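Dear colleague,

I am passing on the structure below, together with notes on what I found in it. Please read the notes with the coordinates open beside them.

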Amino acid sequence: MGKIIIRGAREHNLKNVSVEIPQNAITVITGVSGSGKSTLAFDTIFAEGRRRYLESLPAAARQYLNNLSRPDVDSVDGLAPAIAIEQNSVQPTARATLATITELSDYFEVLFAKLGEVHCPNCGQLLKSTSPELVVEELLSKPEGTRLTILTPLLKDGSKGAIEEALRYAELMGFVRVRINGEIIELEEASDYISKKEAATIEAVVDRIVVREGARHRVTDSVELAMRIGKGTMRCICAPKGEEEQELCYSEHNKCFNCDYPGFELLTAKAFSSNSAIGACPQCHGLGKCIQNGKKQEPITSAKQVEGATLVTCSACNGTRFSPQILACTLPHPSGSKNIAEVYALQIDELKGWLQGLDLTIEQAQLVAPVLEGIFSRVDLLCQLRVGYLTLAREGRTLSRGELQRIRLASHLGGNLTGVLYVLDEPTIGLHSSDTQLLAELLRQLQKQGNTVVVVEHDPIIIQAADYVVDLGPGAGVEGGEILAVGTPKEIEANPASITGAFLSGREKPLIPPKVEQNFGSIKVYGAQKYCLPKLDAEFPLGKFTVVTGRSGVGKSTLVNEVLCENVATYLANRGTLPNGYIDCDCIDGLDQIDKLIAIDATPFGRSDRSNLLTYMGVFGIIRDLFAATPAAKARGYTATRFSFNVKGGRCEVCKGTGVKELEMSFLPDVTITCEQCGGTRYNRETLEVHYAGRSIAQVLDLTVAEAISVFDAIPQLRSKLELLAEVGLGYLKLGQAGATLSGGEAQRLKLAAELSRPADKRTLYVLDEPTIGLHFADVRRLVECFMKLRDKGHTIIVIEHNDDVIAAADCCIEL
């Protein structure tokens with residue numbers, strides 16, 4: 001078995017680490033938070049693999065990548081082409097659905113374009129878009145001797161002036177006969193006929209032909225002329241020998257001759273996307289939702305519009321996102337035809353059976369065989385990943401983290417790649433223990449395909465399922481970055497130097513605090529019904545620590561975040577009332593027992609590099625004041641503003657205080673490089689010459705929370721907030737780290753620290769969604785201690801969680 005050999009890795013906090021990772025095996029890199037796991041896996045191994053790939057590009061492309069630095073490592077040998085599946089705390093956009101996330105939408109768009117039957121959106125009449133060539137072939141296929149009368153439209157329900165103009169045009173074009181209101185007459189008799197009518201529909205008789213050998217040229221000329229004059233539409237009266245005549249209608253634009261719907265262009269695959277001009281509902285622009293403004297619905301044109309607005313299901317498309325033309329196109333099926341929205345509304349585990357029931361001709365089956373094969377393979381994989389209960393119409397933002405993780409993994413499993421290095425960052429996020437076991441089997445499937453799998457993980461199921469484990473530590477930040485133990489899971493458990501092994505073997509125990517036996521009342525939810533919740537009743541005890549758990553997708557987040565929290569927030573915002581009634585449930589008792597709601601989710605708190613730990617905790621101003629109070633700053637006349645990287649004066653103007661520059665790559669994702677002018681410090685040279693406690697402002701921002709506690713020990717207001725960050729397990733983060741770069745778990749713990757720093761209010765409800773993301777066993781124990789402090793002050797804590805240590809510490813557990 002080959003090996004990936006890393007020698008002298010010094011990136012970030014790694015201390016000259018050297019380690020060998022087996023190829024074609026599953027390796028877990030674990031350790032306490034901040035010990036350097038992601039640095040080793042992503043910033044060293046994957047980054048070096050990516051760099052080598054980019055260096056293999058042609059010189060014309062490499063000229064834009066000269067500043068792409070290599071990781072601080074002596075050597076990395078044995079690398080294969082690498083794929084990174086990182087934590088993605090960014091939620092899907094409003095336009096993302098399960099169909100687009102899984103890319104199944106691409107297949108269904110082609111399927112409907114090839115097999116779909118187009119109907120009139122007004123009357124439901126089956127429409128058929130055709131071409132002059134196909135019309136000729138159809139007419140010549142009639143029995144020999146069939147009389148054909150080819151007509152082209154000139155006027156529809158016209159008044160006297162329009163009628164006279166149409167007749168003059170017919171005479172000018174050389175036609176000798178016209179059909180007026182269904183009656184064919186000589187053109188010279190038309191004026192007498194029209195004088196008796198108030199309105200008329202006029203068609204010119206282009207030709208009268210009998211189907212026989214040698215008639216092709218004449219039929220072709222007549223059809224092309226009729227189509228040209230009729231702007232893509234024509235009619236033909238067919239009269240086979242001895243049979244009743246039949247009127248046939250043809251259009252190049254899906255025109256409806258039954259109700260005169262004007263029609264539309266031929267539907268291509270792209271048209272069946274709700275993000276295309278043709279496919280999107282004209283009222284909601286393909287979002288499925290509108291802003292309710294009085295009695296009118298208005299489209300959403302920007303994210304700012306949504307703030308404080310009332311969003312409702314679009315009345316034009318009923319939330320399907322598609323235009324009337326697209327919804328009028330159906331796939332014929334023995335059990336009943338369905339349009340694309342109705343197909344997307346099927347559960348994934350029903351899709352394959354429904355598609356297999358399509359009644360296809362041999363030619364159609366051959367035409368769409370690759371499309372159906374692609375759909376079936378992805379549907380089978382999604383069912384194997386236990387998300388078959390979802391529908392393709394499900395909005396991406398409503399999916400749980402566990403569902404999103406498995407769906408992302410499905411796209412890679414479906415690739416059937418071999419000889420690839422997969423680097424995954426905590427793939428167990430949001431997964432119940434039963435789902436985690438399934439994930440372990442899927443990782444093994446990847447490995448058996450001939451791939452190397454490297455996983456940054458803390459979950460004991462994944463660790464014990466691995467072939468090899470690398471344990472880093474012993475602490476976070478500068479106290480970490482060392483290899484504590486390597487080997488098989490059994491060897492890690494037996495190694496006395498391994499912190500992870502101590503917990504796996506039972507030498508270290510999780511925190512099991514005493515339970516609160518006293519009854520402080522409860523909040524009772526009755527008839528919760530949304531997504532998969534089937535009229536559910538639930539009771540949450542007050543003044544206690546409650547964990548809501550269950551398999552991914554059963555409705556934990558829906559119950560807690562979208563039912564309970566939405567009602568509590570609305571109740572508190574409206575001073576004890578629910579103006580529009582209870583939201584997604586029948587009733588909730590006990591809302592009057594809550595004075596404040598603090599819902600802490602995993603969304604990033606900052607959208608740019610300008611928001612960091614200090615700005616979120618509200619203490620960056622204190623640090624800037626300390627620098628402004630130094631003798632050097634006073635001598636130069638610098639105020640606290642000088643030490644902000646958001647305004648002109650002290651910041652580097654080349655990068656505008658971001659410390660980095662982005663290179664746009666038309667053929668690759670944009671590349672971020674360090675600003676050459678300031679070296680990533682964000683500030684100009686004059687500002688960096690001012691020091692506090694022997695450090696410049698940039699050096700202070702480069703301190704970890706743990707390091708900063710000792711530096712600012714004499715500043716109580718600052719020290720207390722830094723200590724709170726360390727208490728929730730964030731001591732390894734740097735003060736200047738951008739909020740947008742934090743993982744979901746780090747963002748939650750930062751928000752928790754911010755709330756703990758504020759004065760305690762009575763009867764507060766704290767709600768957290770999987771706060772243990774990214775936490776080692778030892779960090780979880782510390783987090784539970786924070787929860788106990790809040791509980792012991794009389795607050796109510798509800799946590800959505802799968803972690804066994806957190807569940808064991810709870811006063812109450814609700815499993816869905």
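How many helices and strands does the protein chain have? The protein chain has 29 helices and 32 strands, where helices (H or I, at least four residues) and strands (E, at least two) are DSSP runs numbered from the N terminus. Please bear in mind that this is a predicted model, in which local features need pLDDT of at least 70 and side-chain atom pairs count only at pLDDT 80 or more, whereas totals for chains, interfaces and linings use all residues. Residues are numbered from 1 along each chain as its sequence is written, and side-chain values use heavy atoms, with hydrogens and water left out.

On the overall picture, the C-alpha atoms fill a box of roughly 110 × 65 × 60 Å along the principal axes. Of the 816 residues in the protein chain, 50% are buried, buried being under 20% relative accessible area, exposed over 50%, and partly exposed in between (1.4 Å probe, protein chains only). Among the contacts with a separation of 6 or more, 68% are between residues 24 or more positions apart; a contact means heavy atoms within 4.5 Å. The chain exposes about 37200 Å², and carbon and sulfur atoms supply 48% of that area, computed by the Shrake-Rupley method with a 1.4 Å probe, where for residues only the protein chains shown count as cover.

Helix H14 (residues 401–413) has 13 residues and reaches 18 Å from its first C-alpha to its last, close to the 18 Å expected at 1.5 Å a residue, the expected span being 1.5 Å times one less than the number of residues. Because 11 of its 13 residues are buried, H14 is largely enclosed by the rest of the structure; the buried residues include Arg-401, Glu-403, Arg-406 and Arg-408. Helix H28 (residues 777–792), with 16 residues, should span 22 Å at 1.5 Å a residue, and its end C-alpha atoms are 23 Å apart, which agrees. Buried residues in H28 include Phe-777, Asp-779, Cys-786 and Arg-791, and just after this helix Gly-794 takes a positive phi of about 100°.

Among the strands, S9 (residues 177–180) pairs with S10 (residues 183–186) in the antiparallel sense over four bridges, pairing requiring that DSSP finds at least two bridges between two strands. Arg-177 stands opposite Glu-186 in S10, and in the hairpin of S9 and S10, which has two residues between the strands, Asn-181 takes a positive phi near 50°. S9 is also joined by three bridges to S11 (residues 200–210), again running antiparallel, and there the bridge partner of Arg-179 is Glu-203.

Finally, some backbone geometry deserves a careful look. Most residues other than glycine have a negative phi, and most peptide bonds are trans. Asn-254, in the loop between strands S13 (246–251) and S14 (289–293), has a positive phi near 55°, and at 2% relative accessibility this residue counts as buried. Glu-426, in the loop between strand S19 (421–425) and helix H15 (433–448), has a positive phi of about 50° and is likewise buried, with a relative accessible area of 8%. A cis peptide bond, with omega about 0°, joins Gly-473 and Pro-474, and Pro-474 is found in the loop between strands S21 (468–473) and S22 (482–487).

With best regards
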